[in-house]
Every structure is written in structure tokens, then in C-alpha cells.
Amino acid sequence: MDKEILIAIQRSYNFFSEMEKRLGDYIMENYYTIENMNIKELAKIVGTSNSTITRFCKKIGCESFIELKMKLSLASAGSKEEDNDIFNRVYNNYHQIVECTKNSLNKEDIDKLTLKIKESRRISIYATGSAGLIANEFKYRLERLGYLVDSITDSHRMLINGCVLREGDMAIGISASGFTQEVIQGLQAAKYNKAYTVSVTNFKNSDITSICDINLYTYNSKFIKEKSFINSGLSTLYLIDIISMMLLEDVNTSDKLKDTISKVKRNKILNW
């Protein structure tokens, strides 16, 4: 399935006007229904004009509404408008998130990040809300691989931590919107002190992307029709798995993980 057009809409989302965002939301959630619509029908459903739809098409690299429909048709191949089987609905939603995240990621950036992780003296991961759970998971992964890392979800600690980081350290900020001010302030402080900064976000042209050395883009579950029931951190967990697997390709890192597991098992036996 070719979901490139869905990724293009997300990438351009922060460049849209409010009405264009409304149109984009509708298309992303109902892209498999657009094929049989004409431009007037879509405009009526969304409550916008033909000219707004035409401008929207141009912003995402389509010459016309017809071209947009063709690309959406490719993206919807195999999708069903209605599927009463909950197992299939959840699977299809997860599949879309993972597939679109895979196509959004830049392998060169991930290669560069894994190299920087290996070189870093210490790593701090900033996140708020439910993203804090993802930050903790990222921390545990890197700790087991032998890296000195901390996950910080308190806004005051983020800023303090950013102020004490130095050159040779790394700060990773997780913010789906790219506008989480607590995370941004921590990254700004880290950047000022010459730490290496990384963002994990959904949208280009956001505040967080303007201050980081590397920006990794994941797919936003807000565009899934049943978004209220979908794990918003799924795309980031997929990214963490990729980073972890790439780090494990290094013999030294793999040995550190084996040593950590061995020591934990030995400690459990001694304290049984």
C-alpha cells in the first residue's frame, strides 16, 4: 500500500490554514471514501470551498484534486470503509501507523543518532503527559544496553537538567505536536550548553524542530479514524525498537546487554 500521500499531508500540516487543517483532518480519517467524490461534494461535507481544496492540493504536491484522488486511491488499496471485526480494525489502524512511520523516518538520521548515542557521556530524555511513559521505556532500553541515561517528565527538572548538560551529552525531546513548551525549554538550555539535541515529533515546521540537531518524524494517531482508542505512543515505540536493534548490531553494546542480564539474574538468585 502506498501511503506517501498521507505522510505528505502530515508533513505539511503546520503550513495549512485552519480551514485547510479541517480539510486535512477529514481526508486523513476518511481517505478511502474520497475516490468516488467530486470536488463540490467534498467541499460541502467539510464546509469549505472548491478553491480551498485546490490550494490544499498544491500545498501537498498535487496538481489537481483528480491527482489527489488518484493518490488516495492507492493509499486506500485493501482498506475497508466499514469493518465490524474489532481484531481487523485495530490491526489495520496499527498497521497504518507503523507503515507511515516507517516511510517518514530518514535512515541516515537514525544512523547518525545511534552513533551519537554511542559517543554520548550521558543522555537525558524529556517528555510530558502520556509521552512520559514512552520516555521511561526509552530510558530502560538504553540503560540495559549500558548507557547512562535519565528520563525527565517534570517541567522544572527538564530546565534544570538542560542547564547542567554539557558538550558530549545528549538531550532527546519527545513531543508529538512539536510545541510542548516544557520540553522545548529543556532542549534550548541543553543546546545553549552545547549538548547534542534530538527531537521525536510528528510535524515539520514546529518550534521543537528549529532547535534540534536531528529531527525524527513519526506518524500521528490523530489521523486515525478511531484515534480515541489507539495508543498515541505506538509510532514512537516502533522508532525505539529500531534504534535499540541498530545499537545491538554493535558488538560492544550487545556484550553490555548480555552482561547486564547476567548480573540481574545472578542478583535474583542470591536474594531468593
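Axes here are lines fitted to C-alpha atoms, for helices over the stretch in contact, and angles run from 0 to 180 degrees between N-to-C directions. Helices (H or I, at least four residues) and strands (E, at least two) are DSSP runs, numbered from the N terminus.

The model is predicted: local features need pLDDT of at least 70, side-chain atom pairs count only at pLDDT 80 or more, and totals for chains, interfaces and linings use all residues. Residues are numbered from 1 along each chain as its sequence is written, and side-chain values use heavy atoms, with hydrogens and water left out.

**View A. Packing of helix α7 on helix α11.** Helix α7 (residues 107–119) packs with helix α11 (residues 234–248) at an angle of about 60°, and their axes are 10 Å apart. The two helices are therefore oblique to each other (angles under 35 degrees count as roughly parallel, over 145 as roughly antiparallel, 65 to 115 as roughly perpendicular and the rest as oblique). Their crossing is right-handed, meaning that the near helix is turned clockwise from the far one by less than a right angle. From α7, I110, D111, L113, T114, I117 and K118 make the contact, and from α11, L239, I242, I243, M246 and L247 (contact means heavy atoms within 4.5 Å). By class, this contact has eight nonpolar, one polar and two charged residues (Ala, Val, Leu, Ile, Met, Phe, Trp, Tyr, Cys and Pro count as nonpolar, Asp, Glu, Lys and Arg as charged, and the others, Gly among them, as polar).

**View B. The two sides of helix α5.** In α5 (residues 65–75), the residues F65, L68, K69, L72 and A75 are buried (under 20% relative accessible area; exposed means over 50%, partly exposed in between, with a 1.4 Å probe and protein chains only). Down the axis of α5, these buried residues fall within an arc of 115°, so they line one face of the helix; the arc is that of the directions from the helix axis to the C-beta atoms. I66 and M70 are exposed on the other side of α5. The cover over the buried residues of α5 includes α1 (4–11), α2 (18–30), α3 (39–46) and α4 (50–59).

View C. L42, A43 and V46 of α3 are buried. Seen down the axis of α3, they fall within an arc of 100°, so they line one face of the helix. These buried residues pack against α2, α4 and α5, while K40 and K44 are exposed on the other side of α3.

**View D. Surroundings of Q10.** Q10 is found in helix α1 and is buried, with a relative accessible area of 3%. Not counting residues up to four places away in sequence, Q10 touches M28, N202, F203, T218, Y219, N220 and F223.
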